[in-house]
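Q: Please take a close look at one helix pair in this model. I want the geometry and the residues that meet.

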Amino acid sequence: MSQKGKEIGVFAGYRYRQDRRNADGSVSWRCLETNCTGRMKIFTDGQMREITKHENAPNVAKRDSERVRSSIRDRAASTVEKPRQIVMQCTNALSAEAAILMPRYTATQRAIERKRKRAEVPLPMPRSLADITIPDNLAVTSRNDNFVLCDSGDDDAHRMFVFGTDRNLELLEEHADWFMDGTFISSVAKPLAQSTGRSSGLVDLYRNDEEVRLYTKMLLALAFVPAADVLHVLMNWLIVVLMSYRLCMITGKTFT
Ligand SMILES: [Zn+2]
């Protein structure tokens with residue numbers, strides 16, 4: 001192998017960089033780990049031998065693969081990600097040498113399932129909106145980005161959550177046209193319609209202002225969008241909040 005013109009080689013689990021050619025024709029290689037004095041030699045007859053002991057952990061690749069295995073176990077117990085997702089997330093930075101030491105995917109998948117069964121700690125069932133506590137591991141995406149954009153607070157009788165990432169918001173901001181689908185439960189739209197209607201002065205605005213009319217209709221139309229999956233529902237929630245915000249800006253009301 002070569003990297004930036006320098007020869008790189010793997011011998012007995014260690015990675016080496018070619019150091020110098022000796023007078024006797026043998027070639028010295030030094031360990032790639034920083035601060036490691038490990039050396040090996042390739043003799044003229046092709047024989048390879050470790051000359052100086054390594055100072056770093058006995059086998060970097062082994063250590064790396066063990067670290068990855070343990071992070072897979074941790075994630076299995078603390079997230080609801082699919083096994084394939086977990087494996088991908090945990091192994092993407094793994095060196096080729098360490099990847100060889102990893103168990104097969106199916107074995108890892110079984111290990112994840114076993115770990116989950118053992119670690120099964122059911123989340124408490126909330127009895128009211130105030131009871132809802134989003135566990136830390138569910139408040140972030142698999143990329144570790146914040147996923148709870150807004151929580152109106154446990155003292156809010158009509159508590160509302162907005163799920164999404166900053167990137168999601170940026171995307172909405174970057175584009176003038178938004179298309180959407182997904183379930184939008186009518187129980188969400190009904191109080192929305194009532195509260196929209198109750199806001200003082202909004203009825204007049206609705207009658208007289210075309211833009212207010214448009215946004216209100218868009219907001220309420222969400223209730224009749226056909227069913228899809230949970231993520232879409234969450235996106236819809238976000239959009240409703242953004243639209244409500246827009247309405248408030250237009251009508252000059254406080255955003256609540
Ligand atoms: Zn070394």
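A: Start with the residues that meet. From H1, Val68, Ser71, Ile72, Arg75 and Ala76 touch Ile86, Val87, Cys90 and Thr91 of H2. Contact here requires C-beta atoms, placed from the backbone, to lie within 7 Å. By type, the residues of this contact are six nonpolar, two polar and one charged. Nonpolar covers Ala, Val, Leu, Ile, Met, Phe, Trp, Tyr, Cys and Pro; charged covers Asp, Glu, Lys and Arg; the others, Gly among them, are polar.

The model is predicted: local features need pLDDT of at least 70, side-chain atom pairs count only at pLDDT 80 or more, and totals for chains, interfaces and linings use all residues. Residue numbers run from 1 along each chain as its sequence is written.

Now the geometry. H1 spans residues 60-78 and H2 residues 83-91. Helices are DSSP runs (H or I, at least four residues), and strands are too (E, at least two), numbered from the N terminus. The two helices pack at about 140 degrees, with axes 9 Å apart. Axes are lines fitted to C-alpha atoms, for helices over the stretch in contact; angles run from 0 to 180 degrees between N-to-C directions. H1 and H2 are therefore oblique to each other. Under 35 degrees is roughly parallel, over 145 roughly antiparallel, 65 to 115 roughly perpendicular, and the rest oblique. The H1 and H2 crossing is right-handed: the near helix is turned clockwise from the far one by less than a right angle.

For context, the chain has nine helices and eight strands. Among its contacts between residues at least 6 apart in sequence, 48% join residues at least 24 apart.

Note on methods. Contact = placed C-beta atoms within 7 Å.
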